[in-house]
Each structure stands twice: as structure tokens, then as C-alpha cells.
Amino acid sequence: MTNLFPSLKDNPKAAWLALAVIAAIMIALPLFAGQFGNGPVRALAMALLYVMLALGLNIVVGYAGLLDLGYVAFYAVGAYMYALLASPHLSENFEWIAKTFPDGLHSSIWLVVPLAAALAAFFGAMLGAPTLRLRGDYLAIVTLGFGEIIRIFMNNLNSPINLTNGPQGITKIDPITIGPIDFGKPFEFMGITLQSVQLYYYLFLVLCIIIIIINIRLQDSRIGRAWMAIREDEIAAKAMGINTRNMKLLAFAMGASFGGISGAMFASFQGFVSPESFVLMESIVIVAMVVLGGMGHIPGVILGALLLYAVPEALRYFDRNAQEALFGKELIAPEALRMLLFGLAMVVIMLRRPEGLWPAPKHGAQSAKAAGATKAA
């Protein structure tokens with residue numbers, strides 16, 4: 001599956017043609033899905049949101065080789081940052097904010113999203129600093145605990161000062177507004193009326209493209225090569241002069257910033273955030289997306305994210321009808337069946353393809369291919 005798409009270096013025309021076809025499909029997909037209602041388009045938009053999360057975690061797990069089971073904490077930080085700065089919650093609970101902003105606190109996306117990324121990066125560095133000497137299972141346990149601490153904080157910061165509204169969550173979050181486009185309302189473009197979920201889909205698609213470009217640039221940069229050297233052998237990387245401490249902190253901060261941006265987009269898309277959206281299972285699913293797709297390989301991570309989100313969503317619509325058609329009644333609850341198939345898929349993939357569905361090319365494979373072509377010539 002490694003050579004599924006043509007290489008931009010080996011065959012640029014075919015590569016650009018493939019990219020053009022994929023772009024056309026991605027642009028037309030929500031227009032086609034919109035004929036069946038907002039549900040399928042919403043599922044597509046959420047799938048892109050998980051692609052962003054998986055690409056952010058891929059920096060930590062795939063590039064730097066650091067197992068992070070608390071990644072959902074940065075997702076929560078970004079979501080609550082947007083919710084607090086783009087909703088009336090702070091004005092309703094703090095008198096001085098209500099006096100300063102009599103019309104309500106409705107911050108612009110150009111302010112909130114960079115702040116969400118910066119705050120998540122700060123928390124990422126905070127998580128990375130005390131875990132620099134940890135590896136493997138110990139690192140996984142510490143990051144897992146960090147994710148649970150953030151969720152419990154969000155659940156309990158409603159007294160004595162009501163900052164997060166506790167388990168009730170924050171509502172009335174403003175939709176994103178960019179120029180004349182209000183993402184909470186339909187928008188007409190070239191005679192086509194785009195619904196709110198379709199507008200969010202295209203916004204998430206643009207953000208995914210930007211994050212993919214950043215990942216590609218990081219992968220081919222000196223920083224990316226340093227991360228991969230640490231992943232392969234940290235002692236050897238340190239002996240070669242790589243500052244492993246700074247590189248690890250940078251990996252945690254960079255990956256967390258993408259999680260913060262994704263969280264801000266989630267809060268705006270949902271219009272509501274609560275601690276129940278950031279449970280441990282979310283972190284495990286995102287890690288599974290990276291591992292099952294192919295750690296360190298951008299196309300593999302995207303494939304893993306799309307499959308692990310799209311397949312359970314498809315089962316949500318079809319599993320009950322399928323059971324009734326086959327057995328005349330529902331034997332297994334839809335949620336239980338989804339988790340059963342999810343776990344079974346993970347076991348099968350780990351047994352049959354432990355490197356993932358679409359693993360990264362082996363080191364030296366391209367050089368060997370080029371050498372073979374030169375020898376044949």
C-alpha cells in the first residue's frame with residue numbers, strides 16, 4: 001500500500017493529477033452528502049476534525065516516539081478557551097467583565113484560535129517537562145493521568161468561582177465568523193446555498209490542508225529528523241549532539257497546539273462543551289488512529305483517522321436495521337456492537353499488519369530503488 005499514489009519526485013504529472021482528483025472529490029463530497037440531510041455532512045466534518053487531532057498526535061507518537069495517552073487534554077483546553085472567550089458565560093458570572101464588555105464577550109476567531117494553540121502548547125510543554133526521563137509504559141501512565149486531571153478540573157471548576165460551569169458545560173457559544181460568512185447561518189455562493197455544517201466542513205478541510213503541509217515541512221526539516229533520531233535511539237541521538245530535552249518539549253508543544261486548534265473548532269461547531277466530551281476513551285481512539293494507520297506516515301494517519309471515525313458512524317445508521325433483517329430482532333445493542341467491532345479490528349490489524357495499514361516507507365527504500373534504476377540503465 002506504500003506505492004498506492006505516485007510520487008511527486010518520480011512522476012510529478014501523475015501526482016498532481018491524483019491530488020486534483022482528490023481535491024475535486026473532497027470539494028464535491030459535502031454537496032452530494034447534503035442531499036441526504038445534515039447528518040452525513042456533520043459526520044464528514046467531524047471526521048476531518050479527528051484527522052487534525054491524529055496529525056497533531058502523530059508528531060508526538062509517530063515522529064518523536066513518545067506515547068501520549070492524555071492528548072485529549074489539549075483538545076479540552078482549546079475547546080474551553082474558545083467557549084469562554086466566545087460565549088456570555090464569563091459576563092454572566094463576573095461582574096467586572098460584564099461592565100467592561102456590556103455587549104458580551106464575543107471574541108474574534110483571529111484572537112481565540114491563536115490563543116487556544118498557544119495555551120495548549122504551554123500545557124504540552126508543562127506535560128513534557130516532568131516526563132523527559134520517562135519512557136514506554138511509565139510515560140503512558142503519566143500522560144494518562146494528566147488527561148484525567150484536566151477533565152476532572154473542568155468538571156469541578158464551578159465553585160467557589162464558576163469558571164467552567166462544571167458538569168453542565170458551557171452553552172451559547174458563538175459560531176465562527178470570517179468576513180461576511182457567519183458559519184451559524186446558510187451562505188449563498190455562486191448560486192449554491194451552503195448550510196452551516198457544509199461551511200464548517202470546508203473550514204475544517206482548509207485547516208487539515210494547512211496542518212498536513214506543516215507536518216510535511218516538519219518531517220523533512222532538521223527538527224523532524226532529530227525527532228526521528230530520538231525515536232529510533234535516544235542515546236545515539238544524544239551522542240550525535242541532538243538536544244533531546246528541547247526536542248521532546250518541542251514535540252509535546254507542537255502536537256498540543258494542533259489539539260488546541262481542533263478543540264476550538266469543536267467548541268464552535270457544537271455550540272456546547274462539557275467534560276463528557278473529553279474522556280479517556282477519546283485519547284485511546286486518537287492513539288489507535290495513529291497506530292492503525294501507520295505511525296509517522298501522514299497518509300497512513302489520515303487513513304486511520306477516517307476509517308476509525310467513519311466505520312463506527314456508518315454502523316450507527318445501519319447496524320440495527322441489519323440485525324433486524326438477519327435475525328428478526330436486535331441481538332446486540334448498537335453501542336456494544338460498535339465497540340466489539342472496533343476492538344476486533346484493532347486485534348486483527350495488530351496481528352496481520354503491526355506496522356499499520358499504510359506504514360511509512362523503509363529507510364533506504366528510495367535510495368535502493370534509484371540505485372536499481374541506475375544499474376539497469
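Biologist: Which residues in H14 do Met281, Val285, Ala288, Val291 and Leu292 in H12 meet?

Modeller: Bear in mind that this is a predicted model. By class, the contact of H12 with H14 has 10 nonpolar residues, with no polar and no charged ones. On the H14 side, the partners are Met339, Phe342, Met346, Ile349 and Met350.

Biologist: At what angle do H12 and H14 pack?

Modeller: Two packed helices are described by the angle between their axes and the distance between the axes. H12 passes H14 in a left-handed crossing. Their axes sit 11 Å apart, and the angle is about 35 degrees.

Biologist: Which helix gives the most to the lining of the second largest pocket?

Modeller: That pocket has a volume of about 670 Å³. It is lined by 25 residues, and the closest to its centre are Tyr50, Glu282, Tyr309, Glu313 and Arg316. Helices H2 (38-63), H11 (244-270), H12 (280-293), H13 (298-327) and H14 (334-352) each give two or more residues to the lining. The one that gives the most, with six residues, is H13.

Biologist: And how many residues of that lining are charged?

Modeller: Sorted by class, the lining of the second largest pocket has 15 nonpolar and three polar residues. The charged ones number seven.

Biologist: Where is the pLDDT below 50?

Modeller: The chain averages a pLDDT of 86, and 93% of the residues score at least 70. Where pLDDT is low, the predicted coordinates should not be read in detail. The stretch below 50, which has zero contacts in the model beyond near neighbours in sequence, is residues 370-377.

Conventions:
Residues are numbered from 1 along each chain as its sequence is written. This is a predicted model: local features need pLDDT of at least 70, side-chain atom pairs count only at pLDDT 80 or more; totals for chains, interfaces and linings use all residues. Side-chain values use heavy atoms; hydrogens and water are left out. On a 1 Å grid over the protein atoms alone, a cavity is a set of points where a 1.4 Å probe fits but cannot get out, and a pocket is an open set with protein on both sides within 12 Å along at least five of seven lines; lining residues have an atom within 4 Å of a point. Grid points are joined across faces, edges and corners, and a volume is the space filled by probe spheres set on the points. Helices (H or I, at least four residues) and strands (E, at least two) are DSSP runs, numbered from the N terminus. Ala, Val, Leu, Ile, Met, Phe, Trp, Tyr, Cys and Pro count as nonpolar, Asp, Glu, Lys and Arg as charged, and the others, Gly among them, as polar. pLDDT is the predictor's confidence in each residue, from 0 to 100. Contact means heavy atoms within 4.5 Å. Axes are lines fitted to C-alpha atoms, for helices over the stretch in contact, and angles run from 0 to 180 degrees between N-to-C directions. A crossing is left-handed if the near helix is turned anticlockwise from the far one by less than a right angle, and right-handed if clockwise.
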